[in-house]
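Reader: I would like a close look at a single part of this model, taken slowly and with the cut-offs spelled out. Could you walk me through one set of charged side chains and how they are connected?

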Protein chains: 2
Amino acid sequence: MSEKITIYDIAEKLNITAATVSRALNNNPKIKESTRELVIKTAAAMNYKQNKLALALKSGRSNNIGVIVPRIDSNFFASVIRGIEEELHPHGYQVIICQTHESPKRENENLYTLIDAQVDGILMSVTDVTNENDGAFRNVLEKNVPLIFFDRSKHIDGVSSVTINDFKGGYLTTKHLINEGCRCIAHLSGDQSLEIFKNRFLGYKQALLDNGMIFKEEYVIPVKSMVEAGKEAVDILLQLETPPDAIFSSSDFAALGAIQELKERNISIPKDFCVAGFSNEPFTKFMELSITSVDQSPLEMGKMSARVFLEQVDKTDTIKIEKKVVLAPELHIRKSSSKN
Amino acid sequence: MSEKITIYDIAEKLNITAATVSRALNNNPKIKESTRELVIKTAAAMNYKQNKLALALKSGRSNNIGVIVPRIDSNFFASVIRGIEEELHPHGYQVIICQTHESPKRENENLYTLIDAQVDGILMSVTDVTNENDGAFRNVLEKNVPLIFFDRSKHIDGVSSVTINDFKGGYLTTKHLINEGCRCIAHLSGDQSLEIFKNRFLGYKQALLDNGMIFKEEYVIPVKSMVEAGKEAVDILLQLETPPDAIFSSSDFAALGAIQELKERNISIPKDFCVAGFSNEPFTKFMELSITSVDQSPLEMGKMSARVFLEQVDKTDTIKIEKKVVLAPELHIRKSSSKN
DNA sequence: TACATAGATGTAATCGATTACACGAAAGTA
DNA sequence: TACTTTCGTGTAATCGATTACATCTATGTA
C-alpha cells in the first residue's frame, strides 16, 4: 500500500534537489543547518527509508556477509553462526547462510552465488580440502572479497583462519586416558583429508609415543560422525586379539554409539573401559553417564572469525594480511573416563 | 584484481549495445540466434557474472528472505532454518538470519532492518505476542512483504502461519501418562503469553478432565526452558501435601532437570514417577533413561513455511491469502514414561 | 512497383542513492 | 570599488541491468 518514499519525493516536497536531501541525511558538512533539520524532519514525517539496494549498487558494498557450513542443524555450527551474527550485527552486517551437506559441488555453487550476490565477505568451514576444482576459491580471491576459514581450514596464501588446536585436543584427551590407567587406547578417526581430524589423530599418536605406549594401526578406526558408526567400531575393536580398554573418538556421536554398544555387552564404563569424545555436544553433559569431551568454544570461534573479517574489510591495501588464530581446546572430564 | 565485467564490456567488444547483450542473455525471443550464441560464448569467455544488486534494484526483488528466530543455537530453530534453506535454495533465494534473544526491541529492529534490506519475504517465530509496539509489523504489511509465522505465531489478519497442534501434543502426552497409570500429573508450563505454551497447557488440562481426573492449579509450575528450572520445580512439587507421580513438561530441558532431581532423591523412574517433555531435543533419545517427548517436525515446519512463502510471493493480487498450516505432533514414547 | 509486416537492434529512461563539478550569492580583503 | 573566498545548492554522471519505444532492413503481398 504505502508508496515507497525516495529522496526525490522529499526533494519535490521541499522544492530542493535530491542531492541536497542526500547530503542532509548523510551529515555532509556543506549543508545549511536549517536545511538539514528541515530535511530530516520531513524525511521522518514521510516515513522515508533508505533503499539499501540502491546504496549497495552505488557503493559496491551490500552489507551482507556469507557463511558456508556443512549443515546448520549441528550444535557446533549453529553456535559458531550465533557468534558471527552477534559480533557483526552491531556493525550493520546481515548474515546469509549456506549449507554444503559435505558436497564439494554445493560448496562451489555457494561460493559463486555469494560472490554474485556481492557479499562483503565470506566466512566458511571447508567441506573437502581435496576439492581441486577451486576455480570457485580463485574467483573469491580475485574479486578481493575477504575470505576467512573457521574450524575446517584449507591452506591458501593470504587467507586467514580461526581454528582450535586440534592436535592439543587429541593430545590432552589421550594423555588423560593414559593417566586414568588405560593401557590400550583406540581412536575413532574422522575424514583424514580434513586437517582437524588429522590433527586430532596426530595428537593422539604423539601422546601415546610420549608416554611409552605403542601405536597400533589396527586401533584406528575411521568412522562417520554417527551413533551407528561408533557401535560398529566397537564391534570391530572387540574382535581384535588384544582389544583396547579405551576409546578416544573424534566425534561425540560415535563416542555415544561406542558407549551404547559397550553397555550392550555389559562392559563396565569407566571401570573396565573409558571413552572420550570431541566437540562437547550438549548431550555429552546431560547423560547420566556423562561423556568426557573436548570443547571447541564455538561461540568464541564465531566471534573471532567475525572480528578477523572486520579487520580485513576496511583494509583497502592490496597487501593481504594472513592471520591464523588458534583457540585453545578445553577438555571436559566427565564420568565416561573418570576411574577415580 | 579481476575487473568486474559488465554487459557494457561485452557489448563494446562485440560492437553491439548493452541492450542486445541483456536480451541475448535473458533468452529474449526477438534476438537473432547467431547473435545470442556469440554473446553467450563471449560472456563465458570474459567470465561475466550478472550483478545481482543492479538486478535487484531494477526489479525491486533482492532474492533474499529474512528469518527471525529467538536464537539459532537451539536444535529446533536450527532445524527449521535448515528446512527453509533447503526448500528455498533451488528457487534462488538466500536466507538471512536474525536473532532476537527474546527481546521485543531486537525483534522490531530486525523487522525494520530486513525491510530496509528489501527482502522478498520474512519468516519468523515471534518473541513476544504482547509486543504492542507493532509499528514494525504494520510496516511489513504495508510494504506488502509476505510475512509467515512458524511455531510461535501471532494473530494478524492476512498473515499465514505454520505451527504444530500444541494442544494435541499436550493432550496426547497427558493421555499417555494417564494410560500408564499415573494418577497425579503435574505440568511445567512455559510463557503463557505465547500460544504454543498456552495450548500445551490447555491440552494437558483437557486430557485430565476428559479422563475423570481433577485439575489442580498447584500442579502447574511455570518454568524457563532450563535444566535448573526443572530441578526447582520438582523441589516445589514434592513439598505439596499430595505430591504428583508424573510430570508433563513443556520443555525438554526442564524435563531433564526434573529427572535429575528425582534421581537425586532416589525416586525410581518410570516405576514411581513418569516424566515427559516437549520438542524431542536430540538428547532425549540419547539418554540411557531416554525421555518421552513430543516431536515438532522442525525440518518439515521449515520446508512448509518456505512453501507457503513461495505460494504468496508471486501472487500479485492484493487479496491476501491467509493460510494456517497445522502440523501433527508426534509423541515419542520412551523409557522415562514406560511402566510396562 | 508500392506498401504493410516481421525481425533485429539501437536509444534512452528507469530503479534510488551518491558525489564530482559547476554556479550564484554573500562575505571578506585590499 | 574590484576581486577573491566561502557557503550552499543545483546539474548531471554513475553504479549495472532491464525494457518500452523507435528505427532500420529485409521480406511478403497485392
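Author: Arg71(A), Asp73(A), Arg82(B), Glu86(B) and Lys303(B) are joined in a network of salt bridges, a salt bridge being a side-chain nitrogen of Lys or Arg within 4 Å of a carboxyl oxygen of Asp or Glu. The model is predicted, so local features need pLDDT of at least 70 and side-chain atom pairs count only at pLDDT 80 or more, whereas totals for chains, interfaces and linings use all residues. Residues are numbered from 1 along each chain as its sequence is written, chains are lettered from A and ligands numbered from 1 in the order in which they are written, and side-chain values use heavy atoms, with hydrogens and water left out.

Within chain A, Asp73(A) pairs with Arg71(A), their closest N and O atoms lying 3.6 Å apart. Asp73(A) counts as buried at 19% relative accessibility, while Arg71(A), at 31%, counts as partly exposed; buried means under 20% relative accessible area, exposed over 50%, and partly exposed in between, using a 1.4 Å probe and protein chains only.

Within chain B, Glu86(B) forms a salt bridge with Arg82(B), and here the closest N and O atoms are 2.7 Å apart. Because these two residues, Glu86(B) and Arg82(B), stand four residues apart in helix 5 (residues 75-88) of chain B, about one helical turn separates them, helices being DSSP runs of H or I with at least four residues, numbered from the N terminus. Arg82(B) is also buried, at 18% relative accessibility. Over all chains, the structure holds 30 salt bridges.
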